[in-house]
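Colleague: I have a model to go through with you. Can you put it up and start with what you mean by the terms?

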Amino acid sequence: MVKNILILNMTRMGDLIQTTPTITGLRKKYRDSNITLMVTKDFEEFSKNIPHINKRVVIDIKQFRDRKSLNGFLWIDLYRYLESLLDELKINNYDLLINLSHSKLSAFMISYLGVKNVRGFGCDSNGDRITFDPWMQYFGTEPFNRRINPFNLVEIFTRGAGVTPENNPIHLIPSSIDTKILIKKFSNSIKEGDLIIGMQAGSSIEGRRWSPKSFAILADGLIESLGAKLILFGVDSEKELGEQIVYFSKYKDELIDLTGRTNVDELSSLVKRCSYLITNDTGTMHIAAAVGTTVVGLFFAHAHPYETAPYSPGHVIFQARIECAPCSYGVECNNIVCVHKVQPDHLLLMIQRHHANGVWETTKTMSNMDEINIFNTYIGEDSRLRLRSLIKHPITLNDVIREVYAEHWLKSLGQEMDRSNIHCDIGELLFREYDCSNTDKLCMQIDDKMVTLKSLESIASIGIKLANQIINLCSRGNLTKTIDAVKILAEEIEKLDKKINQIGFVNPELKSITDMFVKRKENIQENEPTQLALDTKGCYAKLLEECTSLVSLLIPVSNKFKSSNIDTFHAVVSSINVEVPGR
Amino acid sequence: MNLYTKNLALLKVTQPSLAKRVELEPLQKIVNVVMAKDGNPIPKIGSISLHSTYNPFKEASDSLLNFNFNSVDQPVIYGLGFGYHVLEILKRTRHKEILVIEPLMAIFQAFLYSVDIKSFVNNTKFIVATPPPKILASNQSENWNVYEHIPSIRISDVYFKRMNLAIKTSKVIKKNRIKVLIVNPYYGGSLPTANYCVQALNEMGHHAESVECEKFADGFFAINNSTRNKENIESLSKQFSGFMGQLIAAKAADFKPDLILALAQAPLTPEAIRNLKLLNVPIAFWFVEDFRNLTYWKDIGSCYDYFFTIQRGEFFEKLSNIGAENHYYLPQACLPSMHRKIPLSTEEMNKYSSDVSFMGAGYFNRVQSFPRLLDYDFKIWGTEWNLDSILGSRVQNNNKRLNSDNIIKIYNAAKINLNLHSSSFHEGVNPVGDFVNPRTFEIAACGGFQLIDDRSELDDLMDPIKEIVTFSSIDDLCEKIDYYLNNSDEAKVIASCGKERVLKEHTIQHRMEEMLIYIFMDNLEQLTTRFKVESRDPVVSSIDYAGLSTDLGKYLEQFRGSNDFSIKTMVDKISISTGDLSKEELLVLMTDQLVKTESNNG
């Protein structure tokens, strides 16, 4: 019986919003429980908009920022503060802790609090990393396998918390602010019935921003073609961006520049009033999705739609389709080209069409589309939020693998919802969404991966055998006599693990599988040899199972591509087309 | 035999160094000896009688009515006079030795002329005309029970005030960790001394670090090969020195020392020293060279706040002439943790042992005189020897540089260690050699027997009969080699006494303590303020702040004595520990994460 739940979410506004399906799911699952949410001081106010929370705990490090130095005795003050905060939390005897913070700090907190039932990033009693729950383990591998990850982070968090994202949309407590009064406060030019479009030109990372000039050109187009009223949103530090948009626009006086002028509540209310929010990947984007405003998202640099697309259907996302997109976390590009691939015209034409008929689709007049992706968020046949590509690009191996992984991981990592009635024909889906006219090479690549998966299966089988041998030796009783033999077997296992790891590096499409294997092994905490061997055997067994599952998913896909190739061949070589002597 | 001669003879047995000094010091006629009414002599300086003119014994006895005698504390008497109070104290104390500190040699000489010291010598150590820092470095002052002879205090008011200040300074230094930045030379004989200073200071509980200028030696020397143009070489060398000055300043700014100590040939130009002075800490120089050979002291001597030397007399006059007033005699020493007796394997004995060994460079006087020793089982170790010369075959290490471990084995293994100070122009012994080289103390500390050429400063440091054997010429050397090869037991006893003396008074730790007391007597307020402001021992301060009896305070106890204590110290310790993380460790790790995050966020 879960009575007291603690959720650690010491992250940013967008992440907080993305947590709402998890919280809603937990509330549904544990109706009578108390849910406590820990947030940072910066988002204390905003967290009041998160629904289903009984209590908020604020970790306030801001109070120490203005003090002289963190290197004097201030660290003792910080120590005491943490001690007091956590000791107070401990009294509540939480029986479930969900860690959505993924930081060392949160991991140590979990260890300190001593909560038994934990989901998320943590550490064991020795301080070594441990990840509770398979979905959270998967999350630990995702940053290294972004291009083949099919899951939105919302989905990962929610499943990791043991609840379903399906039927648990992102959601904020509606603001009590009277929007009409609010609008009047900032502008007299907006009338009832006006088409209001918001623009969020800033973002936490500078490299992710579409240029102010592009925003200005788009704004001009929307004003001219749709008579839209444009509101510029942003925080105080983004004021200059707002000024630049105004500067570049032909309709300077008609743009309503609210950068640095609204608090979060006012922002939410105003965004809700907008028909569209044109935005970089920001917290405001997630507010828009949560309050039901259609998002036109711009995903550049590290931003990846598969991970952080607004988590509800009906939004559109633009992204550069170039080799380096999305780029890795932590890199600093000195030649940003991705932001220039998406043109204001791309957005304008699609918004015009959507405004007219409520459908996101490309137009014939749109050009220069080879190097962009346009996605539409929708609920798929598998009840999951998905991205549909609105441009039928030639299919790649990553596209195939990503799709296969969606089904694979749902089975392998477990999920709350009964999916036995849900069937998604991967091959059909791929044919629908991608240009599959030329898949000879792709078929060879898929076959190649299946061969590699088979070799992984063999290695996993060997691993199981070795683990069994250790178990047998340990069960004989006198470990001192058998220790040398055990050591030799352990060394063999180490070699196998290195091989597995290497296969992942050589085959990035399969790295997700090998990384999960490593993650599971990392989670083994046992020291007692027999149990250790049993746990190790379990890891190999899981690897074997996953490789087999993947192969079984790839075979029909591969066959579908091959059969489509045969059909094409037949079409090419039908008797009508063959040159027959005398004809 | 008159009283003075008799007394001197006694003193030569108990305190030969002092006896020698008394003999060498010209008699100053500032002390008048008059007779008290009871017939006892009393000294008078000007109009001040140092004892009662009626009954000095009674006066002495009365003055001790309130003096607390106990067996633990050592009586230390400020002022000798003619010792009536000393005798009274000797009667009453159970302590086996009392110290008498007398600033004026003239008083002591007059004392020797007037009073029979027989009753004094066995239990009294006279410390005469000795700087307070030296007294405190050589004697444990923690349990001193001081008796002040008031008339002597009046006569030598300044001295005894300095004495008390030195005691106070010594206590502060012992209680706190002083940060000392040592500036090394590029190369040469003083480089090991620089390293020993660092080691000694750290072993004493202070925090010393080096600026390792020797790492830049190759660059420095490469300048000479980069061009043939002498002017350009000079210009480049100057710029290089400027760079080194900046490097040293950067290290100092980072390390924030309480004291900067440069060793001989440290690459500090006057300009660089001026820059360092902006840090507002004392800057000292230890000139461990022969001032007559290396004369760069003329350019830099006046730049330093403190100038320590291994020679005095003429050198002090010259230093005063160039404005380097704050000079102080500080001879070389040994580092006991390095220079010690070690067991040697058979193989090592085969390699290192000999009847006579010499460890050092091939200077002129050695090259000239050592052929005299070729009939002996004589091994030479060191550099810059002409391997093609007649001595070449005796050079054991092919002129390659030896490390400390090898050197210690040489000192341990030789039956006789030859210690001939270098000279570039004498053919054997320098008849007016003054300073004593570090080898003297190093060999002694290793328990090695040595024969050393006569040096005028040696008598003050070691007993030339009981603790060390000297020679005045190469002929004398050969005789003594013969003698001690045949009287090895005697050699062992002398070596043992020499070792005891050196470890008691002539270690680098002694020198460093003396130096620190001398420097910080003038800077005590600044030092104590820095300790208060900077919470010198961060662990102690952290414990105070956290609360001694709290879990955190108790947790921090294990870090006492850590250099540069910070959160990182604790995190590093946690990362190498095993077992479950404790509550305190978890909180430290969390605090560390927060500090890092805040630092990254700027």
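Modeller: Contact means heavy atoms within 4.5 Å. This is a predicted model, where local features need pLDDT of at least 70 and side-chain atom pairs count only at pLDDT 80 or more, while totals for chains, interfaces and linings use all residues. Residues are numbered from 1 along each chain as its sequence is written, chains are lettered from A and ligands numbered from 1 in the order in which they are written, and side-chain values use heavy atoms, with hydrogens and water left out.

Colleague: How many residues of chain A are in contact with chain B?

Modeller: On the chain A side there are 23, and they touch 26 residues of chain B.

Colleague: And what area is buried there?

Modeller: About 2,400 Å², with carbon and sulfur atoms giving 73% of that. Buried area is the accessible area (1.4 Å probe) that two parts lose on being put together, summed over both.

Colleague: Which three residues supply more than any others on the chain A side?

Modeller: Phe73(A), Trp75(A) and Tyr79(A), which supply 29% of the area that chain A buries against chain B.

Colleague: How many salt bridges cross that interface?

Modeller: The rule finds 1. The pair is Glu83(A) with Lys583(B), and their closest N and O atoms are 2.9 Å apart. The rule asks for a side-chain nitrogen of Lys or Arg within 4 Å of a carboxyl oxygen of Asp or Glu.

Colleague: What about the whole structure, how many over all chains?

Modeller: The search finds 62. One inside chain A joins Lys560(A) to Glu428(A), with the closest N and O atoms 3.6 Å apart. That pair links distant parts of the chain, 132 residues apart: Lys560(A) is in helix α22 (residues 529-572) and Glu428(A) is in helix α18.

Colleague: Since α18 came up, which helix does it pack with, and at what angle?

Modeller: Helix α17 (residues 397-413) of chain A packs with α18 (residues 426-433) of chain A at about 140°, with the axes 10 Å apart. Axes are lines fitted to C-alpha atoms, for helices over the stretch in contact, and angles run from 0 to 180 degrees between N-to-C directions. Helices (H or I, at least four residues) and strands (E, at least two) are DSSP runs, numbered from the N terminus.

Colleague: What do you call that orientation?

Modeller: α17(A) and α18(A) are therefore oblique. Angles under 35 degrees count as roughly parallel, over 145 as roughly antiparallel, 65 to 115 as roughly perpendicular and the rest as oblique.

Colleague: Which residues meet there?

Modeller: From α17(A), Asp399(A), Val400(A), Glu403(A), Val404(A) and Glu407(A); from α18(A), Ile426(A), Leu429(A) and Leu430(A).

Colleague: Now α7 and α21, how do their axes cross?

Modeller: α7 (residues 134-141) and α21 (residues 511-522), both of chain A, cross at roughly 120°, and their axes come within 9 Å. The α7(A) side of the contact includes Pro134(A) and Tyr138(A), and the α21(A) side includes Asp515(A) and Met516(A).

Colleague: Last one, what is Leu349(A) in contact with, leaving aside its neighbours within four places in sequence?

Modeller: Thr363(A), Thr365(A) and Met366(A). Leu349(A) lies in helix α16 (residues 344-357) of chain A.
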